[in-house]
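Please read them with the coordinates open.

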Amino acid sequence: MVINSLVRFAEDALTENARYEAEQMVMSALEISHTELVLHGRNRETTDVDFQAVGEMVERRKKGEPLQYILGECEFMSLDFYVESGVLIPRSDTETLVETVINAAAKDKKAEILDICTGSGCIGISLARFLPYAEVDLIDISDKAIEVASKNIIRNDVSDRVKVIKKDILNEYPDKQYDVVVSNPPYIETDVIDTLQATVKDFEPRLALDGGEDGLIFYRRIVSLADKIIRKNGVLAFEIGYNQGEAVKKLMEEKFTDVRVIQDLSGNNRVVIGILK
């Protein structure tokens, strides 16, 4: 069976975005690029091992498992991140948060940044890549997140400026202050989680989704710690749910100035940012 036939086998078994997902699975199983797939698709033979590997991927996908977990990788900010079950899959919407912080930070000066609830590490690591003088600490309570973020630090070649620390932000906090604190915390209301798409509620970690009864428990906690973990005139930036802009803005306004709600490319409220008084 040549490569193109293996792609057709996977495509026929899949439904939504079938061609794209089939190609991604075959490229992953054969460890080839899209260019190689195009150039050699008609003549390069595959093996029984290749067929079995793609077949297993297809079966996982048919059960609803997200493609990113199956492939073990995800693109974010044009960077390559390792992902697996147990960490939240990076979303393109979150790039709005990273871009907002990049624009708010001085690109030519040293900055100490804290990424709270880091998950895969995609936010803090991306900031380190685009802010060459930044030093970044990543914190999370999850052992799986610590493991995955550690791999992504190495994968993105920022080991000299980024470190990951296990810490429960609801009960602990770092013993130093930062110029910038950024967080995409769990913000889904507890009762809403079971209404989410199956690919989210059945496969992504509840720990990374559950923001408490009103979805704001992490925002309240982090804002309450602001004086302890952020330097004067330092920046705090949150990702938020589409309906949380005014609530989080109000939480921040007592301690922060120039508090703004920023929309993502779809026009949804996505980021709240402010400067500590």
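**Notes on helix packing, strands and sheet**

1. Helix α10 passes α12 in a right-handed crossing, the term for a near helix turned clockwise from the far one by less than a right angle, with anticlockwise called left-handed. Tyr-219, Arg-220 and Val-223 of α10 meet Val-248, Leu-251 and Met-252 of α12, where contact means heavy atoms within 4.5 Å. By class, the contact residues comprise 5 nonpolar, no polar and 1 charged. Here nonpolar covers Ala, Val, Leu, Ile, Met, Phe, Trp, Tyr, Cys and Pro, charged covers Asp, Glu, Lys and Arg, and polar covers the others, Gly among them.

2. This is a predicted model, in which local features need pLDDT of at least 70 and side-chain atom pairs count only at pLDDT 80 or more, while totals for chains, interfaces and linings use all residues. Residues are numbered from 1 along each chain as its sequence is written, and side-chain values use heavy atoms, leaving out hydrogens and water. Helices (H or I, at least four residues) and strands (E, at least two) are DSSP runs, numbered from the N terminus.

3. The axes of α10 (residues 217-224) and α12 (residues 245-253) are 10 Å apart, at an angle of about 20°. Axes are lines fitted to C-alpha atoms, for helices over the stretch in contact, and angles run from 0 to 180 degrees between N-to-C directions. The two helices, α10 and α12, are therefore roughly parallel (under 35 degrees; over 145 is roughly antiparallel, 65 to 115 roughly perpendicular, and the rest oblique).

4. Buried means under 20% relative accessible area, exposed over 50%, and partly exposed in between (1.4 Å probe, protein chains only). In general, side chains of a regular strand alternate between the two faces of the sheet.

5. β1 runs antiparallel to β2 (residues 79-82), joined by 4 bridges; strands pair if DSSP finds at least two bridges between them. Glu-75 has Asp-80 as its bridge partner in β2, and Phe-76 has Leu-79. The hairpin has 2 residues between its strands, and Met-77 takes a positive phi near 55°.

6. Two further positive phi values deserve a check. Asp-157, not a glycine, has phi near 60° and lies in the loop between α8 (143-155) and β5 (162-166); Asp-157 counts as exposed because its relative accessibility is 67%. Asp-258 has a positive phi of about 50° and sits in strand β8 (residues 256-263); at 47% relative accessibility, Asp-258 counts as partly exposed.

7. An open sheet of 7 strands has the order β5-β4-β3-β6-β7-β9-β8, with mixed pairing. β5 and β8 are at the edges with a single partner strand each, so one side of each lacks a neighbour in the sheet. Neighbouring strands of this sheet are turned by 15° against each other on average, direction ignored.

8. Within that sheet, β7 (residues 230-239) and β9 (residues 269-276) run antiparallel, with 5 bridges; Phe-238 has Val-272 of β9 as its bridge partner. Helix α6 (residues 95-104) lies across β6 (178-183), β7, β8 and β9, at about 30° to β9. Helix α7 (residues 122-130) lies across β3 (111-116), β4 (134-140), β5 and β6, at about 175° to β4.
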